[in-house]
Structure formats: C-alpha cells, structure tokens
Amino acid sequence: MTAHPVSLRAQRAYVALMMTVISRGLCAASINDDEVRREVARFAPGYRIVMTVFPDGPRFALSVSDDHRFVRGDFSDAEADLVIRFKHISHAYLVFTFQEGTARAFANDRMVADGDISDSIRLVRCLNRMEALILPGLVARRAVKEYRPLPLTQKLRTAGGIYARVAASFFGR
Amino acid sequence: MSKSYYEFFCPVKIIAGHSALEHIPFELSTLGAKRPMVLTDAGVRKAGLLAPVEAALNSGGIEVAAVFDDVPPDSSLATVRAAAALYREHDCDAILAIGGGSVIDTSKAVNILVSLGGDDLKVYAGAHNLPHPLKPQFVIPTTSGTGSEVTLAAVISDPERSVKLPFASYYLMPNATILDPRMTLTLPAHITAMTGMDAMTHAVEAYTCLAANPISDAYATAAIQKIANNLLTAIDEPKNADARLELAQASTMAGIAFSNAMVGLVHSLGHATGAVCHLPHGLCMSLYLPYALEFNKSVNGARIGELLLPLAGAEVYAKTPPAQRAQAAIDFIRRLRDQLHAKTQLPRTLQETGKVRRDQLGEIADRALNDGSIIFNPKEADLGQLEAILEKAWG
C-alpha cells in the first residue's frame, strides 16, 4: 500500500474529527451497551487513557468514573495510565477510515501501547464493540477482526442511544 | 496477500556451532570486557556445565571475576539485587548468563541495575524505560526453547506485591548468544521434549498469527523444520551433538521469529494456565498448540497448511491435496505429541498433567481473554470459545 493520496492536513482534520466522535461514542457505549459496560467495569475507577498520534496529536483522553463509565478527560500523556500512540497521522487515518482494523494495525506496528497490555486489549474490545454497534455491517466488517451481526432491533436500539448521546454531548457543553 | 508494512529487528550476534564457547574470550575483548560475572543456577552448576565455559575463558586469557549461581526458577527482585551487589563487589565489567529462561531474564535485570545504578528495579519496569545501552551481556542457553536469548523482554517477580514486573527495551537484547551443543547434552528427555515444543509453538504462532512478515516467516519455517527433524532424535540419542545443535539453533530462530511477529492464542491460554496452575510454560505450549490451530483453521487454514512442508517434508506435502494440508499439519503435531508422551510422558491434555482442576478452566479462560497475545491471534475469541477450547484440551 502506498502513501495515501489525501493530503496530510486533510488526514489530520479527519482523524481529529473521528477521535472526537469515537471518544464520545465510547462514553455513550459505556452507558448504553451491556458488553462495553462490563469491560469498563474492570478498569479501576480513575484509570486514565490517552489515544494520540506522534508527534503532537490529535488526541483524546478518557478516564473511568467512580460509577464505571468512560468520561472525557483533560490530562497530559504523562498523567495517563495507558497511552496508545499512532506512529504517524497516515496510520491513524487508515484505522479511522476503517481500511485497517485495530488489531491489524497493532500487528502492522502502526501504533504502540504504553501501559498495561491487558488494559490495551480491553480498550480494543470496547472500540470493536462500539464500532460493531454504530457502523453499518459493510464498514464494521473492515474495522473488526470478526464481525458478528447483531439482531437489527438491538443494533438500532443501542446504536440509536449511542448516536443520541454523542449528539447531545456536542451540544451539551 | 503480501504484508503491507512490517518492522524487523534483531541485533544479537549469533555464535553457533561445535566449540562455539571457545570464541567467547575474543568476543568479550572486542567489547573491552575482561572481568565477566557468570550468572547461573544450581542445576546448571550441578550438571557440570560451568566447567567447559570456564575452561574456554581461561584458555583465552580471561578469568571469571564472580559467579552467582543462586537464581531460582521464578526469579525475584531480591535475587536481582543480590546478583547486582556481587557484580559491584567484584568490579565486574560484563555478564555471562548460563541457563534457561529464568537465568537469562535475571541477567537482563541485573544488567539494568549495574548499568543504570541504584537498587530499585521497579522504576525501569514497562516498555522502553531504559535511557541508554547497558554493559556487555552474553547468553549461553542450556535449554532449547525460550528464545529469551534474542528477545528484548524480561519478567521478574515482585513477591511483596504478588505481581510479575515486565521489562521491554532494545537495550535488553544481549550482545551475543552462544549456541554450543555441549551445553544441552545433559538435558533430561522430558525437558528436551517440553522446551522443543515451546520453540515449535513460538515458530508456529509467529507464522500463523497477524503480525507474521516475510523475514519472520523465513526464521519460523526453518525453525519448524529443524525441530520436526531433530526433536525425537535428540530424545532417542541424548548425546547426539548434531541434533542438539540443530535444536539450539531452532530455538533461537523461533525466538527471533516470535519477537518480531508476536504470538497468539496458544500463548494467551498458556500464560493464563501458568498463572493459575503454575504449569511450566513449555508444557502449556505443547498442551494447547493443536487445539488453538484447529480453532484458527477456519480463518487461516491456508497458512497452517503451508506448515506441512517444514513439518512433514516435500513428499508428504506434495501428496496432500491443498484443502487437506492444514488438518494434516495439525495431525502431524498431534502425532509428535503422542510420540513425546510415549518416550517422555510429556502430558497431552490438561487432565494428564494432574495439576489442573476442571473448576479452574473458567479462571484460565478469563485471564486468557485479557492476555496481550490474544490481539495478534488471527481469529477473534470470546470467553465462551476459550472455555470450549479448554474443554477440548482437558481431554
């Protein structure tokens, strides 16, 4: 695969937008979806996560609340328990345009995780689950290692709830 | 499909062959080292394996400045501190690790303390937390399995907090590893079998998991061929130096392969089983390998099928229709395990180990689900699927 024809500035803007959506989506999924809720419950309250791009972002920061939900945070990489860092903006672009799944991106050395590796795995499962919920099947199949179709009613109900919370979060503050 | 992008790194000099030990003095001198400390365990000393190393050093004008031979099977912070104190007391300038995985990991941790100063190893735990290269370090493996002699990782126990501290840094990769068949001639048959299957699993998972790349593939397939051709020979003829050397090289090649291509489900289950039931790592690898491959076959059967060539040879590969090669490769590994069981009583099922209770399978599955290796497995596995694999491996 050659370097992506989309300009780096456009890639950066797209990745920044997607990171905003995804961080809010994870917060919403940690309320709306049982599976994500179970995963988040296994992080210690106060646990801090950053996903970023070398050398200076874009990035998002999440922490785990006392009632075991993801909430958006405002802290530095050095203060985080887990930092997942893409090595280049184009690598993040591949993942956030769903051309390369998260597990495949790890396997292709697109990013590094600094922190407890079990926690990284748990975060990837949360991401996969959220993507399977909110993305159309055709796109989700490219994003996750194995796409397991959900019953339409469940997908619509949960995805609708996540979309509503994400939308509300944009207008809420 | 060709790999779209990958990275490969192995700066460790491999010094391999008959009389390889005799090259150590020259190699030490190229790094300006004259006073090596030998780090080993009581078993290695008792087996008389220090004698050929000391003789080789003496013949090259180098004397061992200190010997620390008290490394336990599960090394701890206290052991590392004690060995570092001995190194400093005798003004050593290099480390020579002689042993298996625990000795090698301990030597890496000792090198951190003696190179970077202080006694608190914990501040260097994690990934890439070492600021500069360490003192010269050579590794002489006395088993053929772990591959630790060419990896960037070490694990040390912290008994006070009941955790295992992981260390990962390019600076932990030894300057050289010395593969001399004299060092494995006395390895008991069941350890030979167990460590051989450990190396086999490293190579098979490196080849069949998501991070495989063309260079790691070359190391992995060569390692598999050497193990398939020599493991039973080394068990039948323990003093066969050629077979021992082939296994030692295979183990190192498998180590290079998996440290660049990572591992998958067999290791996830193996790490979890080691933590819950305290079974040796190599045994866990042997227990789970065919079951994990069968689980993955629906996703990467073609890759598994390609392994029939290094496992069984060209004639069998050519005679087997492509659609049947994956199952034939798995069957080959099952037969190998049966032969090892017949010759060395190496268990093939969890039940045969006598050390695993059925009510522990749930905890093993839960831990395996959160093990770092699972992300590189080609097929997604959920808790129920892991429990199903464990039920099959129960026997």
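Being 4 residues apart in helix α12 (residues 314-319) of chain B, Lys319(B) and Glu315(B) are separated by about one helical turn; helices here are DSSP runs of H or I with at least four residues, and strands are runs of E with at least two, numbered from the N terminus. The side chains of these two residues, Lys319(B) and Glu315(B), form a salt bridge at 3.3 Å, N to O, a salt bridge being a side-chain nitrogen of Lys or Arg within 4 Å of a carboxyl oxygen of Asp or Glu. This is a predicted model, in which local features need pLDDT of at least 70 and side-chain atom pairs count only at pLDDT 80 or more, while totals for chains, interfaces and linings use all residues. Residues are numbered from 1 along each chain as its sequence is written, chains are lettered from A in the order in which they are written, and side-chain values use heavy atoms, with hydrogens and water left out.

**Salt bridges within chains**

- Over all chains, the count comes to 31 salt bridges.
- Both Lys319(B) and Glu315(B) are exposed (exposed means over 50% relative accessible area, buried under 20%, partly exposed in between, with a 1.4 Å probe and protein chains only).
- Glu100(A) and Arg110(A) are joined by a salt bridge of 2.9 Å, N to O.
- Glu100(A) lies in the loop between α3 (89-96) and α4 of chain A and Arg110(A) in the loop between α4 and β5 (111-114), so the pair ties together parts 10 residues apart in sequence.
- Glu100(A) is buried at 6% relative accessibility, and Arg110(A) is buried at 5%.
- In chain B, Arg303(B) pairs with Asp217(B), with the closest N and O atoms 2.9 Å apart.
- That pair links α10 (residues 281-306) to α7 (residues 214-236) of chain B across 86 residues.
- Arg303(B) is partly exposed, at 24%, whereas Asp217(B) is buried, at 14%.

**Interface of chain A and chain B**

- The contact (heavy atoms within 4.5 Å) takes 21 residues from chain A and 21 residues from chain B.
- There are 2 salt bridges between the chains; Glu7(B) forms a salt bridge with Lys87(A), the closest N and O atoms being 3.0 Å apart.
- On the side of chain A that touches chain B, α4 (102-107) and α5 (117-134) each supply at least two residues.
- The largest share of that side, 7 residues, comes from α5(A).

**Helix α5(A)**

- Of the 18 residues of α5(A), 16 are buried, so this helix is largely enclosed by the rest of the structure.
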